[in-house]
Structure formats: structure tokens, C-alpha cells
Amino acid sequence: MRKIQLALFLVIMFNTFTMAQSVKKSEDLKPSDSDNKIEILTGGKTKKYYSIIADKPSVINVHGPGKLRVITRGRFIPDEGKQIQYKILYSVDGGEQKIFKANGVERSTESTYILSSLGVPAQLESFEIKLGRGSHVIEFKLKDSNTDVGARFIFSKSSVKRQDWVEYSPKSNSEPVDLVTKEEIVTYYRFSQEKPLEIEVTGPCELEVLSRIENHYQMKGRINYRLQVTENSIVINTYQLSSTRSDLTVYKNNEKLIPGKACTFEINIPKGKHKYTITPLDQDKSTILGRLLLPKKKVKLKN
């Protein structure tokens, strides 16, 4: 009997642990360039919001996949009407600009500003942004300055399905560069504005792109760079990436350079044959190293 009870106890504990592990974790994110914090008391708890303005975008950096929930609150100033409205413009990885509209928003009856002189917070209005694998940069700004708006950014990470990937070389004009990480040699390909990375692939599938900026020893701190993906001279997307010097990866045959930490993004490739070009946009930056991966089961390449 004791053995049966012990077995049942272990099963229950295992299931409880598994359920706890499967719960999606969420975290509050702070815009990388904003210290304009607004504190709102709601439900007995203080929540931190950050101002969104029209003149300068608020920037969120996050690594997917997952969902980014944007919770917004307008501000009622004294003697203002019963309702307010505002519009928030946002873009993901430098792509097409989208708009969130909040119309007919009334005063909150349950929330107050910690600093009462700010007025009265509006009822919350929220929307979600789905993000795929890899690094993402999302920019937010107001369409106009008629209403003050604060926002919270809550990211819930999604689980990643296990996938076997296979690497391959792009067009033959790309220069291979060997890096060493954890005693393993990995081949990247150097590209620049003059010699972009060219790929030809048959979909549908996902193309994972890893990039590392090439650093000199005197370079310090975080380096921001942009990569643009085009197909037949039509811009598919522009990715804004940010990296620091890698602590684990070195060049196999070059002691004068230090690779940056890898940044990743995915390109969803529709059905049929496609030719893509990946080009750096920053003239003041050095060359970039790229590595390309495709799902092993769907590889159909032409070099």
C-alpha cells in the first residue's frame, strides 16, 4: 500500500511540476530610450507606465517568439471633456507602420495617478503584437500630441517547437569566415553594402538568419545596425539589430577582429522559388557576418 501511495504522490508531483513549467512566463519591458516614468495606483498596486510621444519613438527590444501586450492609458487634465481619443503608430523591425486607435475613452473610476497633479488616468486600452523567433525592435509613437498617453509593455514568451536545422552557403560570391565557439568551428559569410548576401530558396518554409557585426578591439559598448531584406528590388523588411562583443566566440584565423554576439531573425518564405538579398544599411558600420539555416525536412536549395 505504501508503495502505491508513494507512486501516486510522485505522479502528482511530476504533473504539478510539468504544469508549472508549461505556464507562460511574462515580464514587463521598459523602452530602451525612455526614463519618463508614470506611476498609477490600481487595485491597490502601483503600475509603471512610460510616456509615448509624437516627436520621438519609444523603442522596445525583445527576443521572440511570443506576444507583446501593450496596455495604454490616456490622461484627463482638469476641466477636460467626458471622453478622449488617441492614435498610436507602431512598427516591427522597421516594417510597415500600423495604427492602434482608442476612441471614446472615459475616465477610470478605479485608478489614480500617484502624483495627483497629473489629473485623472483614462480607462485602459490594450492591443497585442505577435512576434516570431529571433530579435525584434518595435517602435511606438503618437500620431499627434493632442492627448498625453502612457503605456506598459508586457511580453509573454511562447514555447519553441523543436526543429532540426541545416546550414548552407549563399551565392558563391560570398566570402566564408570561420568562427570558433565552444571548441566548434562554424562558418559564416562576410557581406557588405557593396557585396550583399544573396540567397535562392524554394518555399514554403522558414529561413533563419544569424548575423554578427565585426568589431575591432577598440570598439566598446553596444552597436546598433540595420539589415534590409529585398526580393527583386522590393523591400520585404528592415531589421534593426543591436549587439555587443561576444564573450565566447572568436575568429579562427584573425586576431585583429572580435565578432559581435549573434542576432537572429526569420523570413517566412512563401511557396515557390525566391531570390532574396540581405544588405546592411549603415554606411558608418563595418562588414557583417551572416549564417543561414533552413528546416532540415524542407531544404530545396540552388546555389
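# Salt bridges, strands and cores in a predicted model

Let's start with a charged pair: the side chains of Asp282 and Arg226 meet in a salt bridge, with N and O 3.1 Å apart. A salt bridge here is a side-chain nitrogen of Lys or Arg within 4 Å of a carboxyl oxygen of Asp or Glu. The pair links distant parts of the chain, 56 residues apart: Asp282 sits in the loop between β19 (263-280) and β20, and Arg226 in strand β15 (residues 223-231). Strands are DSSP runs of E with at least two residues, and helices are runs of H or I with at least four residues, numbered from the N terminus. Asp282 counts as buried at 14% relative accessibility, while Arg226 is partly exposed at 35%. Buried means under 20% relative accessible area, exposed means over 50%, and partly exposed lies in between, using a 1.4 Å probe and protein chains only.

A word on the ground rules before going on. This is a predicted model, in which local features need pLDDT of at least 70 and side-chain atom pairs count only at pLDDT 80 or more, while totals for chains, interfaces and linings use all residues. Residues are numbered from 1 along each chain as its sequence is written, and side-chain values use heavy atoms, with hydrogens and water left out.

Back to the charges: side chains of opposite charge can pair when their charged atoms come close. The structure holds nine salt bridges. One of them joins the side chains of Arg75 and Asp148, at 2.3 Å from N to O. Asp148 is partly exposed, with a relative accessible area of 41%. Another bridge pairs Glu167 with Arg291, whose closest N and O atoms are 3.2 Å apart. Glu167 lies in strand β11 and Arg291 in strand β20 (residues 288-295), so this pair ties together parts that are 124 residues apart in sequence. Glu167 is partly exposed at 42% relative accessibility, whereas Arg291 is buried at 17%.

Strand β11 (residues 165-168) also contains Val166. Val166 is partly exposed, with a relative accessible area of 29%.

Which side chains does the side chain of Glu214 contact? Glu214 is in strand β14 (residues 197-216) and is buried, with a relative accessible area of 2%. Its side chain makes a polar contact of 2.8 Å with the side chain of Arg190 and another, of 2.3 Å, with the side chain of Thr287. A polar contact is a pair of N or O atoms within 3.5 Å; within protein, one must be able to donate a hydrogen and the other to accept it, and residues adjacent in sequence count only if both atoms are side-chain atoms.

Now for the strand pairing, where two strands pair if DSSP finds at least two bridges between them. Strand β2 (residues 37-42) and strand β3 (residues 45-52) run antiparallel and are joined by six bridges. Within this pair, Lys37 stands opposite Tyr50 in β3. The hairpin of β2 and β3 has two residues between the strands, and Gly43 takes a positive phi near 60 degrees there. Strand β3 is also antiparallel to β10, with three bridges between them; Ile52 has Val149 in β10 as its bridge partner.

In soluble globular proteins, nonpolar side chains tend to be buried together. A nonpolar core is a set of buried Ala, Val, Leu, Ile, Met, Phe, Trp, Tyr and Cys residues joined through side-chain atoms within 4.5 Å. The largest one has 26 residues, of which Leu68, Val70, Ile88, Ile129, Ile138, Phe140 and Phe153 touch the most other members. The elements giving two or more residues to this core are β4, β5 (83-92), β6 (98-106), β9 and β10, and β9 provides the largest share, six residues. Leaving aside neighbours within four places in sequence, Ile129 is in contact (heavy atoms within 4.5 Å) with residues including Gly66, Leu68, Tyr90 and Phe140. Apart from this core lies another, of 25 residues, among them Ile269, Ile288, Leu292 and Leu294.

Finally, the cysteines. Cys205 is buried at 6% relative accessibility, and Cys263 is buried at 4%. With a disulfide defined as a pair of cysteine sulfur atoms within 2.5 Å, the count comes to zero.
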